[in-house]
Amino acid sequence: GAPDGELDFVLGYPSTEAADGSDVFPCQRGASGTTPTDASCFGLYHWGNGASLRQAHRGFEWRDDSAVLPHATTDHNPSPRRGAPHLEWTIEAFNELRAKAGYAAVDRTGVRPWAMNVYAFAGSFDD
């Protein structure tokens, strides 16, 4: 939650390589043939400890015992194409997420500064 250079969360589509120590992604449970890059795997994940920013695809970590996640997110364009290539993602109920993570709510008047470190990832190194 602080501008400390440490990531708090990663948002997007995980690659096929989870962070070391990650539990199985929820989207992969009971689904044969589902890969993490499948649209059903979009969401907010913990940032894996020790993951390098240069290897964002290895930063996705799911913790079954997390008190913070799952948390609602929306991918407004899950099928980018030439006519609509943009990415637009929303973390729903942002202050609720901050409260679950132990961070102060965002001051909606803009008087008090706030920070949260979130990495967004939507690719692979095969693209």
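Visitor: How many disulfides does the structure hold?

Guide: The structure, which is a predicted model, holds one disulfide. In general terms, a disulfide is a covalent bond between the sulfur atoms of two cysteines. Here the partners are Cys27 and Cys41, with their sulfur atoms 1.8 Å apart.

Visitor: Which parts does the pair Cys27 and Cys41 tie together?

Guide: Cys27 and Cys41 each lie in the loop between S1 and S2, so the bond ties together parts that are 14 residues apart in sequence.

Visitor: What is the handedness of the disulfide of Cys27 and Cys41?

Guide: The torsion about the S-S bond is about 95°, and therefore the disulfide of Cys27 and Cys41 is right-handed.

Visitor: Is Cys41 buried or exposed?

Guide: Cys41 is buried, at 1% relative accessibility.

Visitor: In what order do the elements of the protein run?

Guide: From the N terminus on, the order is β-β-β-β-β-α-β, which comprises one helix and six strands. As for contacts with a separation of 6 or more, 60% are between residues 24 or more positions apart.

Visitor: What share of the residues counts as buried?

Guide: Of the 127 residues of the protein, 37% are buried. The accessible surface is about 7600 Å², and carbon and sulfur atoms account for 49% of that surface.

Visitor: Which residues of the largest nonpolar core touch the most other members?

Guide: The general idea is that nonpolar side chains tend to be buried together in soluble globular proteins. In this model the largest nonpolar core has 20 residues, and those touching the most other members are Phe9, Leu44, Tyr45, Leu69 and Leu97. Strand S1 (9-12), strand S2 (43-47) and strand S5 (89-91) each contribute at least two residues to this core.

Visitor: What does Leu97 touch?

Guide: Leaving aside residues up to four places away in sequence, Leu97 touches Phe9, Leu44, Val68, Leu69, His71, Ile91 and Met116.

Visitor: Where is His71 placed, and is His71 buried or exposed?

Guide: His71 is in the loop between S3 and S4, and His71 is buried, with a relative accessible area of 12%. Its side chain reaches the backbone oxygen of Glu92 at 2.6 Å. The side chain of His71 also makes a polar contact, at 3.0 Å, with the side chain of Lys100. Beyond four places in sequence, the residues that His71 touches include Leu44, Ile91, Ala93, Glu96 and Leu97.

Visitor: Which residues does a cis peptide bond join?

Guide: As a general rule, most peptide bonds are trans. In this model a cis peptide bond joins Leu69 and Pro70, with omega about 15°. Pro70 is found in the loop between strand S3 (60-61) and strand S4 (73-75), and His71 is placed in the loop between S3 and S4 as well.

Visitor: Which residue has a positive phi although it is not a glycine?

Guide: Most residues other than glycine have a negative phi. Ala93, however, has a positive phi of about 45°. Ala93 lies in the loop between S5 and helix H1 (94-100).

Visitor: How does Ala93 count in terms of accessibility?

Guide: Ala93 counts as partly exposed, because its relative accessibility is 37%. Ala93 is also one of the residues that His71 touches.

How values were computed: Residues are numbered from 1 along each chain as its sequence is written. This is a predicted model: local features need pLDDT of at least 70, side-chain atom pairs count only at pLDDT 80 or more; totals for chains, interfaces and linings use all residues. Side-chain values use heavy atoms; hydrogens and water are left out. A nonpolar core is a set of buried Ala, Val, Leu, Ile, Met, Phe, Trp, Tyr and Cys residues joined through side-chain atoms within 4.5 Å. Buried means under 20% relative accessible area, exposed over 50%, partly exposed in between (1.4 Å probe, protein chains only). Helices (H or I, at least four residues) and strands (E, at least two) are DSSP runs, numbered from the N terminus. Contact means heavy atoms within 4.5 Å. Accessible areas come from the Shrake-Rupley method with a 1.4 Å probe; for residues, only the protein chains shown count as cover. A disulfide is a pair of cysteine sulfur atoms within 2.5 Å. A polar contact is a pair of N or O atoms within 3.5 Å; within protein, one must be able to donate a hydrogen and the other to accept it, and residues adjacent in sequence count only if both atoms are side-chain atoms.
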